[in-house]
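Open the model in your viewer and keep the selection tool at hand. This tour tells you what to select next and what is there.

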Amino acid sequence: MTIGHAFDPPDISLESGKSSPSAARRSLDLEPVVPASGRAVRLRAVPRWIRRAVGPLLVLVLWQVLSATGVLHPDVLASPGTIARAGSDLIADGTLPSAMGISLQWVAVGLVLRGVVGTALALVSGLSRLGEDLMDASVQMLRTVPRVGLIPLFIIWLGIGEAPKVALIALGVVFHLYLNVYAGIRGVDAQLIESGQSLGLGRWWLIRHEMLPGALPGAMTELRYSLATAWLALVFGESVNADAGIGFLMNQAREFLRTDVIVVCLVVYAFLGLAADVIVRALERLLLQWRPTFTGQ
């Protein structure tokens, strides 16, 4: 009985042990297999700054088209060209650089104050159960109090100068640092602490070389979040009895219905936030070289 085959066997010459000419021709007709991820590889070859700029450029183009066609009325939202001219005028007369300098000064002082207070509170609560029992509940209650509701008290306590604005910024971001540093300290492996103590290492050595490095990744992530929150707190602070700063410019522009100046101030906030994020990323690469992480594919 003859058994049929579902496929034809290759045409191989038994005498020479090589494929016949017909098999050779069929092998030449084969096409190379291109990986499915070839397109992604080509896209990754494009410089990263170009890929990151594509999204904002598309938004600007769409915005300009809607303004030119009359879909967006100038009283509702000025066109990108009008906003660019307003920004150029503010830079030329020195108004915008002066406002940026004052706002940056307030944010910097508030972040430094938050770093000192937040780290101290986290060390007290994270290193000691007694400190946690005495302090953590109060911190958690203050964390849930609306910051805007504290503005009248800050004005009564600190006056109407720079102090209430700095205090509002510091209060707005100190709890983020406290939570992240506290979680980092409590997340250190207990066996590492016990090993250090068995070797006779002092408490300060353990804090400096084990606990604080363990809390550093969370603190750097918190810093990126705190910078955005600091600008938000600054907007609230500059909206009350302010005579300088970016928020003061926005309030003046609102009074005169200058949407172009308002958008210029918002763009400045956005670029300051982006610049701060770039700086924090560079600090992460510098300070966290010991921690290998996944960077994407």
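**Stop one: Glu-210**

Select Glu-210, which lies in helix α10. Helices (H or I, at least four residues) and strands (E, at least two) are DSSP runs, numbered from the N terminus. This is a predicted model, in which local features need pLDDT of at least 70 and side-chain atom pairs count only at pLDDT 80 or more, while totals for chains, interfaces and linings use all residues. Residues are numbered from 1 along each chain as its sequence is written, and side-chain values use heavy atoms, with hydrogens and water left out.

Is Glu-210 buried or exposed? Glu-210 is buried, because its relative accessible area is 18%. Buried means under 20% relative accessible area, exposed means over 50%, and partly exposed is in between (1.4 Å probe, protein chains only).

Now show what surrounds Glu-210. Leaving aside neighbours within four places in sequence, Glu-210 is in contact with Val-188, Leu-192, Ile-193 and Trp-205. Contact means heavy atoms within 4.5 Å. Next, pick the C-alpha atoms of Glu-210 and Ile-185. They are separated by 8.7 Å, and the two residues are 25 residues apart along the chain.

**Stop two: the whole chain**

Zoom out. The protein chain has 12 helices and 0 strands. Buried residues make up 32% of its 297 residues. Consider the contacts in the chain with a separation of 6 or more: residues 24 or more positions apart account for 70% of them.

**Stop three: α5 against α10**

Select residues 95-127 for helix α5 and residues 203-238 for helix α10. Their axes come within 8 Å and cross at roughly 140 degrees. That angle makes α5 oblique to α10. Axes here are lines fitted to C-alpha atoms, for helices over the stretch in contact, and angles run from 0 to 180 degrees between N-to-C directions. Angles under 35 degrees count as roughly parallel, over 145 as roughly antiparallel, 65 to 115 as roughly perpendicular and the rest as oblique.

Show the side chains where the two helices meet. On the α5 side, the residues include Trp-106, Leu-111 and Arg-114. On the α10 side, they include Met-211, Glu-222 and Trp-231. By class, this contact of α5 with α10 has 14 nonpolar, 2 polar and 4 charged residues. Ala, Val, Leu, Ile, Met, Phe, Trp, Tyr, Cys and Pro count as nonpolar, Asp, Glu, Lys and Arg as charged, and the others, Gly among them, as polar.

**Stop four: Leu-177**

Go to Leu-177 in helix α8. Leu-177 counts as buried, because its relative accessibility is 5%. Not counting residues up to four places away in sequence, Leu-177 touches Arg-114, Gly-115, Gly-118, Thr-119, Ala-219 and Glu-222.

**Stop five: salt bridges**

Side chains of opposite charge can pair when their charged atoms come close. A salt bridge here is a side-chain nitrogen of Lys or Arg within 4 Å of a carboxyl oxygen of Asp or Glu. By this rule the count comes to 5 salt bridges.

Select Glu-132 and Arg-186. They form a salt bridge, the closest N and O atoms being 2.9 Å apart. Glu-132 lies in helix α6 (residues 129-143) and Arg-186 in helix α8 (residues 163-186), so the pair ties together parts that are 54 residues apart in sequence. Arg-186 counts as partly exposed, at 36% relative accessibility.

Move to Asp-260 and Arg-258. Their side chains meet in a salt bridge (3.0 Å, N to O). Asp-260 counts as buried at 10% relative accessibility, while Arg-258 counts as partly exposed at 39%.

Then select Asp-277 and Arg-281. This salt bridge has its closest N and O atoms 3.0 Å apart. Both residues lie in helix α12 (residues 259-287), 4 residues apart, about one turn of the helix. Salt bridges that share partners join Arg-224, Asp-277 and Arg-281 into one network.

**Last stop: α11**

Which residues of helix α11 (residues 246-255) are buried? They are Ile-246, Gly-247, Leu-249, Met-250, Asn-251 and Ala-253. What covers them includes α5, α10 and α12. Finish on Leu-257, which follows α11 and has a positive phi, near 55 degrees.
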